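Visitor: Could you walk me through this model, starting with how far to trust it and then going into the packing?

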Amino acid sequence: AIAGNSAAPRHCGGMMFGAHSTVPDGILGPPDGTVEMAPAEHGRSGAHVFVLSNAGKPIFSTAGAEADLSSLSAVMQALVSFVRGKGDSDELQWVEGGGRRFVFEVREPLYLVAVTDSREHPACAARLLHYVHLQILFVLTASFDKVFRADASYDLRSLLGGTDKGLRSLICAARTRPDVLLEAVACVPLPPGTRAEFGRVLQLVEANLLFALLTVRGKVVSVVETCRRPLGASDLILLNNLLLSSQSLRAADESWVPVCLPGLDSRAFVHAHVSFVDPASDLCLVLITPRADDFERLAAARQQVMQRLSPATRDALRQAVEANLAEVDVGTLGIPALSHFVCLDRVAGVYVCARFPGSGGAAPGGAVLATTGSSDAPGATAEPAPNGSGESGESGNADSGDSAGEAGEPLLEVYQRLHAELHATSPPLSLLFVADGRHALLGLVTDEYELYTAHGPLCTKAEASAAAQALLRWVQRQRSTLVLEKHLNWA
């Protein structure tokens with residue numbers, strides 16, 4: 001099936017493309033399978049991502065040899081052009097066939113495509129493509145479109161250089177960390193006094209900066225920003241991805257990196273001074289300025305920060321990192337029936353999550369949660385948000401066309417389905433509970449929090465709701481430790 005913005009089907013050479021039509025074998029790629037995408041396993045390994053120009057020239061791919069990508073990119077470009085038609089009124093959203101779904105994101109002059117398992121909700125892949133586009137802007141700025149206006153066949157890979165590692169790192173992080181799913185970041189849990197000490201040290205930096213931040217392994221310690229230019233969650237995610245994916249930054253004493261922060265200005269570079277100021281805790285200092293000639297001044301500011309960090313403050317951070325307190329051990333909370341959770345503080349733009357056992361996001365006890373059930377799964381109920389206009393009703397999972405699924409799906413992928421279903425309406429549902437005999441999941445949206453919890457297969461809706469309320473009370477009690485409540489400002 002092909003889904004676009006228009007409900008009217010289109011015809012081409014005796015073949016109809018519409019909301020419920022099937023796509024013949026081979027139309028989505030060579031029938032002999034020369035573009036290897038591991039069809040039996042790609043649902044587990046995440047989406048395959050392709051980026052091409054609007055002229056059909058391949059730019060980036062996570063799968064397939066370069067010789068094979070040219071023909072596949074041409075097919076993708078033709079599909080976008082065909083659905084768009086002469087009036088440019090329609091945009092291709094997704095194509096389904098052969099157990100795969102091709103999700104399209106058109107960001108002229110680029111076309112971004114994610115190939116996923118057909119069970120995955122299109123919104124999840126669309127969000128990933130949005131961040132892949134942001135990562136490209138992070139490297140090039142939006143001004144690269146001038147190159148394509150001058151030459152539509154230009155090979156953008158010459159400008160991206162070796163930065164595809166950052167793209168691959170972001171795509172990998174999207175299926176192993178909740179950052180992209182929730183469009184938020186995690187914080188290192190610290191006593192309020194210790195976090196305030198880090199903030200005061202950053203506020204004393206006198207270098208006419210845009211932003212100053214301290215992070216540890218992708219988790220925020222403190223942020224200071226100018227009053228008129230807040231640092232958004234999407235830009236923080238891109239900066240964290242840079243720090244996590246680049247070994248050269250870690251090896252160097254100090255680094256000077258031009259980057260684009262799309263949330264600030266997508267058509268301009270800023271310059272980041274990056275240094276690891278405490279190797280024992282992996283504490284990284286990032287100072288961001290709009291001036292390209294500020295390296296010496298920011299190097300001096302870095303020395304000021306290192307001198308002002310007291311030994312007691314550094315020791316508190318090291319203890320938090322060594323104890324892995326950035327992820328909560330759900331067994332220590334004493335909440336019956338709760339197996340795992342991810343909680344988003346919507347006010348602060350920060351999430352807190354329980355520890356994911358194993359590298360694949362397995363559920364507690366070594367078991368892996370099954371996929372969410374079909375739309376008529378028993379026990380699946382949904383409630384609209386209190387200020388919504390919809391009526392209460394039955395709802396299943398993130399994809400109403402999904403089958404009952406099979407055991408063994410990583411927990412984060414299950415949360416992605418739950419998230420997509422909760423936000424499928426406007427305003428979002430306030431509560432969604434799914435229990436089909438293999439697992440029980442609950443999603444809860446309030447004005448301040450967004451909560452996703454996992455429970456045993458025999459857990460009832462009442463038990464899951466009681467566990468969720470107990471968890472929210474615990475988060476509220478611990479909020480000053482778990483969450484960076486607000487970014488500080490320079491006076």
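Predicted model: local features only at pLDDT ≥ 70, side-chain atom pairs only at ≥ 80, totals over all residues.

Visitor: What does the pLDDT average for the protein chain?
Guide: The average is 80, and 77% of the residues score at least 70, where pLDDT is the predictor's confidence in each residue, from 0 to 100.

Visitor: And where is the pLDDT below 50?
Guide: Residues 359–380 are such a stretch, although the model gives them 77 contacts (heavy atoms within 4.5 Å) beyond near neighbours in sequence. Residues 385–408 also stay under 50, with 68 contacts beyond four places in sequence.

Visitor: On to the packing: which residues touch the most other members of the largest nonpolar core?
Guide: They are Val51, Leu261, Ile288, Leu333, Phe341 and Leu471, in a core of 85 residues. A nonpolar core here is a set of buried Ala, Val, Leu, Ile, Met, Phe, Trp, Tyr and Cys residues joined through side-chain atoms within 4.5 Å, and buried means under 20% relative accessible area, exposed over 50%, and partly exposed in between (1.4 Å probe, protein chains only). Helix α3 (residues 122–140) supplies the largest share of this core, ten residues; helices (H or I, at least four residues) and strands (E, at least two) are DSSP runs, numbered from the N terminus.

Visitor: What is Ile288 in contact with?
Guide: Setting aside neighbours within four places in sequence, Ile288 is in contact with Leu209, Leu210, Phe211, Leu213, Leu239, Leu261, Val270, His271 and Ala272. Another core, of 25 residues, lies apart from the largest one, and Val188, Ala212, Leu214 and Leu298 are among its residues.

Visitor: Now helix α12, which of its residues are buried?
Guide: Thr313, Arg314, Leu317, Ala320 and Val321 are buried in α12. Seen down the axis of α12, these residues fall within an arc of 125 degrees, so they line one face of the helix; the arc is that of the directions from the helix axis to the C-beta atoms.

Visitor: What do they pack against, and which residues sit on the face turned away?
Guide: The buried residues of α12 pack against α8 (192–203), β10 (211–216), β11 (219–225), β13 (270–278), β14 (283–289) and α11 (295–308). The face turned away carries the exposed residues Pro311, Ala312, Gln319 and Glu322.

Visitor: Changing topic, how many salt bridges does the structure hold?
Guide: There are 19, a salt bridge being a side-chain nitrogen of Lys or Arg within 4 Å of a carboxyl oxygen of Asp or Glu. One of them joins Asp145 and Arg267 at 3.1 Å, N to O, and this pair links distant parts of the chain, with Asp145 in helix α4 (residues 145–150) and Arg267 in the loop between β12 (255–259) and β13, 122 residues apart.

Visitor: Buried or exposed, for Asp145?
Guide: Asp145 is buried, at 17% relative accessible area, whereas Arg267 is partly exposed, at 40%.

Visitor: Which others would you point out?
Guide: Asp164 and Arg168 meet at 3.6 Å, N to O, and both lie in helix α6 (residues 164–174), four residues apart, about one turn of the helix. Arg177 and Asp179 form another salt bridge, at 3.2 Å, and both are buried. Arg291, Asp293, Asp294 and Arg297 are linked in a network of salt bridges.

Definitions and conventions. Residues numbered from 1 in each chain as written. Heavy atoms only, no water.
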